[in-house]
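The following questions and answers examine a protein chain through its computed geometry. Please keep the sequence and the coordinates at hand.

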Amino acid sequence: MNEIIRHAAADTPPARGLRLGRARAGAFGVLDIGTTKIVCIIARIESDGTPRALGFGWQKARGIKAGSVVDMEEAERSIRAAVAGAEQMADTRLQGVIVNLSCGQPGGRIHHIDWPIGGRAVTEADLRSILQEGVRRTHADGREVVHCFPAGFMVDETGGVEDPRAMVCERLQARLHVVDAASHALFNLGQTLHRCELEAEEMIASPFAAGLATLVDDERELGAICVDMGGGTTSLACFAEGRLLHTAQLPVGGWQVTNDLARVLSTPISHAERLKTMHGSVLESDEDRGELLPVPMVGEEEDQIARIPREMIVKIMRPRLEESFELLRDRLEASGLPMELRRRVVLTGGASQVIGVRELAARVLGKPVTVRLGRPRIVRGLPETAAGPAFASCIGLLAWAAGEGRPLLDITPGPAAPKGVVARAFAWLRERL
């Protein structure tokens, strides 16, 4: 059985019903590595338990595709620039960061563990053994466990137990949510951070972080799906009873919409992104037919400008976003989640800001699903430009650092004695997750 290298529990059992874990002390950094942008925030937790941003750095992402590192040198330059901007503003030097997990096609699954106790009190060692059993059942070639969260316990025939430690029973049943990702993608990310002289102190699944930033308490308790529509991927997280129950990722995002515009209109990618941001919509109107937009042509002189009706933008963008929501619908139906947990969908992320995207999602997902747009909570010290849906994942990392959403225990496996250069490098990443 693999050695336990991390858990996020306090030294003493939390009070029953307590959903907040131990907050970070002093200044800390969070790093959101996305396909289109890299964001670093340095913050501290105030006396009221909320984060305050001390420094903020933003950089266009290079060397990243679908959340994964594809060019270490380019990715290193982008990360260094974002971190340096935050460090300069906060007058603080970072050695480690809390990082979002969007690389390696992360996915989640539920395990039900039945553990014999034998009439004695449940100990923390029992809980760790249960989590290790969940990790063992999840193991697959080329995949690495990142999170193993308890999602509820049953003491003998009594369900709804949040912390069974010190309780006497014959058998302890646990429901575990395990998140894993491709090992090679985690290794490449760890190596890139190492080149930036940074350690990955913790890794948090991107949709989980986005949910912490955008869902209200009742949504997390009654059941809701947070859909983070990023530049290269669309990821989802299901919450219920105040816990994370399911995660998944789709290989589609806002970049595909930009690429469609560039290809069909034969315009530079930078201008296609500008068209999407300023004029993008999936709702047709009569006014769009009469409004002409200037579009420069690829390879032509600067004065060679074509003019296209705005409705053409809609006709290019709508099919791609429809396809994305169809994939989302199919993934939700295949997840095995009961319909009562899928009735409410909250869209966030940069691609969710397209005009009409909520209405399109509601039509594709169908009744009885209701859809709303989610904006992250306000964080003191952040500029207004960093308060929109595109920054939901990064703001959710701050919420995690404040202790929000932390489970009773969270562990990942690690090798006993790594051998060779590659094994030692992978162990370095594991030791810091």
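Q: Which residue with a positive phi follows α3?
A: Helices (H or I, at least four residues) and strands (E, at least two) are DSSP runs, numbered from the N terminus. Helix α3 covers residues 183-195. The residue that follows α3 and has a positive phi, near 60 degrees, is E197.

Q: What is the average pLDDT of the chain?
A: This is a predicted model in which local features need pLDDT of at least 70, side-chain atom pairs count only at pLDDT 80 or more, and totals for chains, interfaces and linings use all residues. Residues are numbered from 1 along each chain as its sequence is written, and side-chain values use heavy atoms, with hydrogens and water left out. pLDDT is the predictor's confidence in each residue, from 0 to 100. A score of at least 70 is reached by 88% of the residues, and the chain average is 85.

Q: How many contacts beyond near neighbours in sequence does the stretch of residues 1-19 have in the model?
A: Contact means heavy atoms within 4.5 Å. The pLDDT over residues 1-19 is below 50. Where pLDDT is low, the predicted coordinates should not be read in detail. With that caution, the number of contacts for residues 1-19 is 56.

Q: What share of the residues in the chain is buried?
A: Buried means under 20% relative accessible area, exposed over 50%, and partly exposed in between (1.4 Å probe, protein chains only). The chain has 12 helices and 20 strands. Of its 433 residues, the buried share is 54%.

Q: Is T192 buried or exposed?
A: T192 is found in helix α3. Leaving aside neighbours within four places in sequence, T192 is in contact with V69, M72, A75, E76 and I79. Because its relative accessibility is 0%, T192 counts as buried.

Q: How far is the backbone oxygen of N188 from a polar atom of the side chain of T192?
A: A polar contact is a pair of N or O atoms within 3.5 Å; within protein, one must be able to donate a hydrogen and the other to accept it, and residues adjacent in sequence count only if both atoms are side-chain atoms. Both S183 and T192 are among the buried residues of α3. Between the backbone oxygen of N188 and a polar atom of the T192 side chain, the distance is 2.8 Å.

Q: The side chain of H147 reaches the backbone oxygen of which residue?
A: H147 lies in strand β9 (residues 143-155). Its relative accessible area is 1%, so H147 is buried. At 2.7 Å, the side chain of H147 reaches the backbone oxygen of M203.

Q: With the side chain of which residue does the side chain of R380 make a polar contact?
A: R380 is in the loop between β19 (370-373) and α11 (392-401), and counts as partly exposed because its relative accessibility is 33%. Not counting residues up to four places away in sequence, R380 touches E46, D48, T50, P51, R52 and A53. The C-alpha atoms of R380 and T50 are 8.7 Å apart, although 330 residues separate them along the chain. At 2.3 Å, the side-chain partner in the polar contact with R380 is T50.

Q: What is the phi of Q105, which is not a glycine?
A: Q105 lies in the loop between β7 (96-101) and β8 (107-121). Its relative accessible area is 62%, so Q105 is exposed. Its phi is positive, at about 50 degrees.

Q: What is the omega of the peptide bond from K367 to P368?
A: P368 is in the loop between α10 (357-365) and β19. The peptide bond from K367 to P368 is cis, with an omega near 5 degrees.
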